[in-house]
Amino acid sequence: MSNVLAVAGPGSRFQVPGATPAGFWAGLWHGLISPITFLVSLLNPNVRIYETNNRGRWYDFGFIIGVSGAFGGGGTRVVYR
């Protein structure tokens, strides 16, 4: 099965034996597509939001930045009255 959306999980290219672990850019991408991946994961139990084969803090950092971008960022448009 083709991994069209490059979602994390058993179909991930990072799960292939001998593959390098997911880094910052993969974490950023997984964070950005997390709303879509979440909906897919409800229908397909083999899809996960978070890549388990990752480099650690760099993947986490990218994932957090991606999720904050997907869900509205850091609140820079706050209106004070």
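Which residues form a nonpolar patch on the surface? They are Phe38, Leu39, Leu42 and Leu43, with about 480 Å² of accessible area together. The model you are looking at is predicted, so local features need pLDDT of at least 70 and side-chain atom pairs count only at pLDDT 80 or more, while totals for chains, interfaces and linings use all residues. Residues are numbered from 1 along each chain as its sequence is written, and side-chain values use heavy atoms, leaving out hydrogens and water.

**Overall layout**

- The protein chain has three helices and zero strands; helices (H or I, at least four residues) and strands (E, at least two) are DSSP runs, numbered from the N terminus.
- Buried residues make up 28% of the 81 residues in the protein chain, where buried means under 20% relative accessible area, exposed over 50%, and partly exposed in between (1.4 Å probe, protein chains only).

**The surface patch**

- A patch is made of residues with over 30% relative accessible area and no salt bridge, joining like charges within 9 Å and nonpolar side chains (Val, Leu, Ile, Met, Phe, Trp, Tyr) within 5 Å.
- A salt bridge is a side-chain nitrogen of Lys or Arg within 4 Å of a carboxyl oxygen of Asp or Glu.
- Accessible areas come from the Shrake-Rupley method with a 1.4 Å probe, and for residues only the protein chains shown count as cover.
- Leucine 43, one of the patch residues, lies in helix H2 (residues 34-43) and is exposed, with a relative accessible area of 76%.

**The core**

- Phe14, Ala22, Ala26, Tyr59 and Phe63 make up the largest nonpolar core, meaning a set of buried Ala, Val, Leu, Ile, Met, Phe, Trp, Tyr and Cys residues joined through side-chain atoms within 4.5 Å.
- Phenylalanine 63 is buried, at 13% relative accessible area.

**Aromatic pairs**

- Rings of Phe, Tyr and Trp (its six-membered ring) pair if their centres lie within 6.5 Å; planes under 30 degrees apart count as stacked, over 60 as edge-to-face and the rest as tilted.
- By this rule the count comes to seven aromatic pairs.
- One of them joins phenylalanine 24 and tryptophan 58 edge-to-face, at 6.4 Å centre to centre with 85 degrees between the planes.
- This pair links distant parts of the chain, with phenylalanine 24 in helix H1 (residues 24-32) and tryptophan 58 in helix H3 (residues 57-70), 34 residues apart.
- Phenylalanine 24 is partly exposed at 21% relative accessibility, whereas tryptophan 58 is exposed at 57%.
- Tyrosine 50 and phenylalanine 63 also pair edge-to-face, at 5.3 Å centre to centre and 80 degrees between the planes.
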